[in-house]
Amino acid sequence: DAEIKRNVAPAIFYLNKHVESNVSVAELAKMCCLCETSFRRAFKSHTGMSPSQYRMHAKIEKAKMLLASSPVSNILGFFDAPHFCKVFTAVVGETPSQYRNEV
């Protein structure tokens, strides 16, 4: 629905542009002028995932683009390389090295 998309668009834009950020859901809701409960509901309705899941997927998509040339765990704001590897593997289904070798 266009209204739901319009309501959560500022948060989606922010998450995509500031993928390294660990902004809270409350802050994202405030960007959209919604209470946190309404924001979570609208966000999930529009994207099919929670704001936290979306943020992790956005980070992984950025990681895919950066993998070949830089230490992505630091750039994307992951705690450390092993944590990044664990999350990447869980989302993509293969390790960053395996992904890099296929690209």
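1. In this predicted model, Cys-35 has a relative accessible area of 46% and is therefore classed as partly exposed, whereas Cys-32, at 9% relative accessibility, counts as buried.

2. As for pairing of the cysteines, the structure holds 0 disulfides. For Cys-32, which is in no disulfide, the nearest cysteine sulfur belongs to Cys-33 and lies 7.6 Å away. Cys-35 is likewise in no disulfide, and the cysteine sulfur nearest to that of Cys-35 is the one of Cys-32, at a distance of 12 Å. A disulfide would need a pair of cysteine sulfur atoms within 2.5 Å.

3. Turning to the helices, H4, which covers residues 51-66, packs with H6, residues 81-92, at an angle of about 100°, and their axes are 10 Å apart. Because of this angle, H4 is roughly perpendicular to H6, given that 65 to 115 degrees counts as roughly perpendicular.

4. On the H4 side, that contact is made by Met-56, His-57, Ile-60, Ala-63 and Lys-64, while H6 contributes Phe-84, Val-87, Phe-88, Val-91 and Val-92.

5. Ser-50 sits in the loop that lies between helix H3, residues 36-47, and H4. Leaving aside residues up to four places away in sequence, Ser-50 touches Phe-43 and Lys-44. Between Ser-50 and Phe-39 there is a separation of 11 residues in sequence, and their C-alpha atoms are 9.9 Å apart in space.

Methods. Residues numbered from 1 in each chain as written. Predicted model: local features only at pLDDT ≥ 70, side-chain atom pairs only at ≥ 80, totals over all residues. Heavy atoms only, no water. Axes fitted to C-alpha atoms, helices over the stretch in contact; angles between N-to-C directions. Helix = DSSP H or I, 4+ residues; strand = E, 2+ residues; numbered from the N terminus. Parallel < 35°, antiparallel > 145°, perpendicular 65-115°, else oblique. Contact = heavy atoms within 4.5 Å. Buried < 20%, exposed > 50% of the residue type's maximum accessible area, 1.4 Å probe, protein only.
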